[in-house]
Amino acid sequence: MFYLEQPSPDQQVLIRQALNEDVNTRDKDLEAIKEWLRKEPHLPDTWDDAMLMTFLRSCNFSLEKTKRRLDKYFTVKTIVPEFFTECDIARPEMQKIVNELEIATMPEMTPEGRRVHIARIAISDFEDFDYNYFARVIFMVADVYLKSEKLGSAGEVYVLDGENYRLKHLLKLSPIFAKKIFMCTMDALPIKIKEIHIVNPPFVIDSLIAFIKPFMKEKIFNRLHFHKDVTALHEYISRDFLPEEYGGTAGKLKLHWDKYLAAFEDFKPWFKEQENIKADESKRPGKTTCYEDCFGLHGSFRSLAVD
């Protein structure tokens, strides 16, 4: 079973302060969100209490923000099914992706109550890179992580290794995919991005940044840090929260990735159930939300402020 060290009592205090969490009122807030779901005809009327609490935490217990983020989450699952269906790593297309990636969440939190996540392309000579299957794996990782984060975190720190990213991969990256991936992650997932560190940036990094910048919120873009090697990374993240490949003491990256791969098998029934837990646009009061509304040239989907 996938396992994360839960925060210490001192870290819990920091996390609750960061998330505006009041232990005396959080259950009341949870009930308010559940009652709201029951009244929204286009949304699931029941869902996982722990996941709903995760959404409340990510929105600093603002009920209105939580409602909008949940609506976005269930809506993108309907209009971007290629990211959220057939989440089975036994499929050949998925096997190819999971054999090319290594992704880890460090089991222990930083002293500030944050989680450190690492991701890299593990091999340099692969040719066929399907971004839709890549996105599917990313959201499977997110689901396992969010289901395992019992008490919340004060934010997420991402380390992305660009050493094996090549021009051929950039040329396959379409504007519509970039728009979809940023909307589904930054607008819909219940996460609070605090830092993004790019280590070993590829020579195409300037072109990559120019390509994705229009799709990123300015606040998130300003949290990007670039490091030519891992030594500079240690100025931001202690070695205690990094795998050995990045000069850390937290074990091998591959071993942490293997834990996610095992969790994908454990979560297989849950993933299958989640395919049907999404928005039903035919029942949405007022104007329905369709693919063109979100991703068409004239469409827009209101974004939430990033805390």
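**Entry 1**

I looked up F203 and found it in the loop that joins β4 (193-199) to α10 (205-212). The model is a predicted one.

**Entry 2**

I noted five strands in an open sheet, in the order β1-β2-β3-β4-β5, and the pairing is mixed. Why is one side of β1 and of β5 left without a neighbour in the sheet? β1 (101-105) and β5 (224-227) stand at the edges and each has a single partner strand, so one side of each has no neighbour there.

I took the pairs in turn. β1 and β2 run antiparallel and are joined by five bridges. I103 has A119 in β2 as its bridge partner. β2 pairs with β3 (156-161) in the parallel sense, over six bridges, and here V116 stands opposite V157 of β3. β4 and β5 are also parallel, with four bridges. For that pair I noted V199 opposite H227 in β5.

I then looked at what packs on the sheet. Helix α13 (253-266) does, and it touches β1 and β2 (115-121). The direction of α13 makes about 85 degrees with that of β1.

**Entry 3: β2 and A119**

I checked how far β2 is covered. Six of the seven residues of β2 are buried, and I describe the strand as mostly covered. A119 is in this strand. Which residues does A119 contact, leaving aside its neighbours within four places in sequence? I found E102, I103, V159, L160 and D161. I also took the distance from A119 to Y145, 26 residues apart along the chain: their C-alpha atoms are separated by 14 Å.

**Entry 4: helix α3**

Last, I looked at α3 (49-58). Eight of its ten residues are buried, so the helix is largely enclosed by the rest of the structure. I listed the buried residues of α3 as M51, L52, M53, T54, F55, L56, R57 and S58. What do they pack against? I found α1 (9-19), α2 (26-39), α4 (63-79), α7 (131-148) and α9 (175-188).

Key:
Residues are numbered from 1 along each chain as its sequence is written. This is a predicted model: local features need pLDDT of at least 70, side-chain atom pairs count only at pLDDT 80 or more; totals for chains, interfaces and linings use all residues. Side-chain values use heavy atoms; hydrogens and water are left out. Two strands pair if DSSP finds at least two bridges between them. Contact means heavy atoms within 4.5 Å. Axes are lines fitted to C-alpha atoms, for helices over the stretch in contact, and angles run from 0 to 180 degrees between N-to-C directions. Buried means under 20% relative accessible area, exposed over 50%, partly exposed in between (1.4 Å probe, protein chains only).
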